[in-house]
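Biologist: Show me the model, please. I want to know what stands behind each label.

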Amino acid sequence: MNMQFRPGEQKGTEAVVKQAIADCDIHPTRKDPKGLYPYLEKRWRDHLDAYGALVYQGMVVGPLYPKGQPNASRRDAVPPEGGVQGSSLKFMQQQHLDPNNVALGIMCPLSLQGFRNLDLGAALARATNDWQVAEWSGQDSRLRASVVVANEDGEASAREIRARAGDKNFAQVLLMSRNTEPLGQRRYWPIYQAAEEAGLPIGIHAFGNSGHPITPGGWPSYYIEEMVGHSQCQQSALASLVLEGVFERFPRLKVISIEAGFGWAPSLAWRLDKHFDRLRSELPHLKKKPSEYIREHVWWSTQPMEEPDERQHLLDVIEWIGWDRLMFATDYPHWDFDEPSRVLPAGVSKENRDAFFLGNARQVFGIAA
Amino acid sequence: MTRHVVAPVDELPPGSRKFLTIDERPIAIFNIKGEFFGLLNRCPHQGASLCEGPLIGLAEAETPGDIRYTRRGEILRCPWHGWEFDIRTGQSYCDPKKFRVRAYDVNVEPGARVVKGPYVAETLAVSVEDDYVVVDL
């Protein structure tokens with residue numbers, strides 16, 4: 001049997017990457033399935049013990065994402081003291097934050113949204129946010145939390161966001177790309193209103209459970225189709241946000257597209273604009289072309305980085321998106337981690353590198369050095 | 001090329017791996033069913049410690065549904081992105097033209113010959129009675 005094991009030697013705590021970076025997608029994990037219990041009211045602990053947490057996904061008997069590698073994580077990221085990848089702050093510091101010179105790390109806790117019981121969802125969101133502060137951002141000032149919300153309950157989500165407004169532990173509001181409805185629809189507007197009021201960007205991370213197939217064409221056979229399907233989901237979410245008029249209603253709202261690629265952004269914008277020219281009367285609430293809303297309101301986290309054979313093709317896409325719009329991310333400790341020293345081709349100017357690795361994130365999150 | 005003595009054969013039983021650094025190069029030595037292999041422990045893709053990955057087989061299919069799974073335990077799969085490499089040659093299976101991980105010759109030599117040299121074995125006490133795993137690099 002093949003198991004990961006450690007050769008007993010890790011990168012030292014000395015930074016091996018000179019460039020200070022922001023990592024806009026780090027995944028902290030509970031030490032065990034009951035890791036949130038200290039932060040949950042007894043009523044909900046008892047509920048979970050008796051009934052579990054139902055999500056919008058049928059026929060699930062195991063973890064939804066053990067894929068590609070164990071726990072969908074790097075095999076070398078298992079903490080030496082035990083536990084799953086991403087569950088030890090100390091090992092995260094030693095293996096990632098210190099050697100990769102992470103000056104700002106944005107945490108995106110997964111598998112904590114999309115519950116069918118909305119009251120349970122609100123309780124779990126609150127517990128998740130308390131846990132992030134108590135065990136992570138409160139322990140290491142480089143780390144910032146995401147306001148996790150009970151996404152299918154707009155009003156409860158807005159209450160949670162308002163409860164965290166002004167708390168410097170929190171850098172953004174976190175949503176997943178897969179929800180029961182496209183993300184621009186009005187049931188989600190209270191989330192955007194509260195986020196705008198709090199001055200928090202909305203991070204939309206790939207994944208989540210929606211009850212719908214991941215592709216518009218039905219349930220696929222292979223994991224790779226699911227991986228690629230995340231880009232399609234994200235395109236649907238962004239199109240919905242633009243076309244429903246979310247950015248007209250909430251003009252100061254910032255959206256960060258996380259872990260869904262960015263090479264498709266120009267194509268989506270061109271297609272939206274082309275059809276908008278012909279179908280404008282259907283959407284009188286839009287005052288600008290769809291591409292303009294995308295350019296003004298959307299930022300892109302980079303992992304998993306596009307890796308075309310011709311590096312110039314990558315640079316061409318970035319030229320359309322803008323070097324001021326990309327935010328580096330590693331996805332640590334997940335298996336499709338991007339290594340900061342290898343992610344950009346040679347020849348990128350210092351100004352653009354600085355923006356890509358740190359400056360854009362500092363600006364979007366409003367977190368100075 | 002220098003021949004380095006890595007370990008007495010008994011220390012590397014079948015199924016085991018040994019990680020070491022030689023001339024500042026991270027190396028891993030594998031014993032797979034009694035055969036020894038050596039690879040640079042750095043993935044040419046993004047630099048992960050490649051040799052911490054699992055050893056899998058080679059899945060191939062001439063047509064959809066016609067799957068052959070051969071060469072069990074001879075394909076090294078990177079612990080990060082899952083790129084596959086041939087343990088015998090270091091050849092990449094996802095981009096054979098552009099990527100190859102450096103493979104080194106590993107042999108078993110009797111202690112009598114190792115004692116005579118020329119071998120580098122600073123950290124090992126070599127005795128003539130035993131056999132040793134030796135890597136060329």
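Biologist: What is the strand order in the open sheet of three strands in chain B, and what is the pairing?

Modeller: This is a predicted model. The order is β5-β6-β7 in chain B, and the pairing is antiparallel.

Biologist: What makes β5 and β7 of chain B edge strands?

Modeller: Each of them pairs on one side only. The strand β5 covers 55–61 and β7 covers 84–86 of chain B. From one strand to the next, the twist averages 60°.

Biologist: How do you know that β6 and β7 of chain B pair?

Modeller: Count the bridges. A pair needs at least two bridges found by DSSP. Strand β6 (residues 67–77) and β7 of chain B have three bridges, in the antiparallel sense. With three bridges against a required two, they therefore count as paired. One position to look at is B:Leu76, which stands opposite B:Phe85 in β7(B).

Biologist: What is the pattern of chain B along the sequence?

Modeller: Chain B reads β-β-β-β-β-β-β-β-β-α-β. That is one helix and ten strands. The C-alpha trace spans about 55 × 25 × 20 Å along its principal axes.

Biologist: How many residues has chain B, and what percentage of them count as buried?

Modeller: Chain B has 137 residues, and 31% of them count as buried. For contacts in chain B between residues at least 6 apart in sequence, 47% join residues at least 24 apart.

Biologist: Now chain A. Where is A:Asn129?

Modeller: In helix α3 of chain A, which runs over residues 118–137.

Biologist: Why is A:Asn129 called buried?

Modeller: Buried requires 20 or more other C-beta atoms within 10 Å. A:Asn129 has 26 C-beta neighbours inside 10 Å, so A:Asn129 counts as buried.

Biologist: Which residues is A:Asn129 in contact with, leaving aside neighbours within four places in sequence?

Modeller: A:Ala145, A:Val147, A:Val148 and A:Arg164. The cut-off for a contact is a C-beta separation within 7 Å. As for A:Pro109, 20 residues from A:Asn129 along the chain, the two C-alpha atoms are separated by 9.3 Å. That value is between C-alpha atoms, whereas the contact test uses C-beta atoms.

Biologist: How many residues does each chain bring to the contact between chain A and chain B?

Modeller: Chain A brings 15 residues and chain B brings 13 residues.

Biologist: What classes of residue are on the side of chain A that touches chain B?

Modeller: Seven are charged, four are polar and four are nonpolar.

Definitions and conventions
Residues numbered from 1 in each chain as written. Chains lettered and ligands numbered in written order. Predicted model: local features only at pLDDT ≥ 70, side-chain atom pairs only at ≥ 80, totals over all residues. Helix = DSSP H or I, 4+ residues; strand = E, 2+ residues; numbered from the N terminus. Axes fitted to C-alpha atoms, helices over the stretch in contact; angles between N-to-C directions. Buried ≥ 20, exposed ≤ 12 C-beta atoms within 10 Å, placed from the backbone. Contact = placed C-beta atoms within 7 Å. Nonpolar A, V, L, I, M, F, W, Y, C, P; charged D, E, K, R; others polar.
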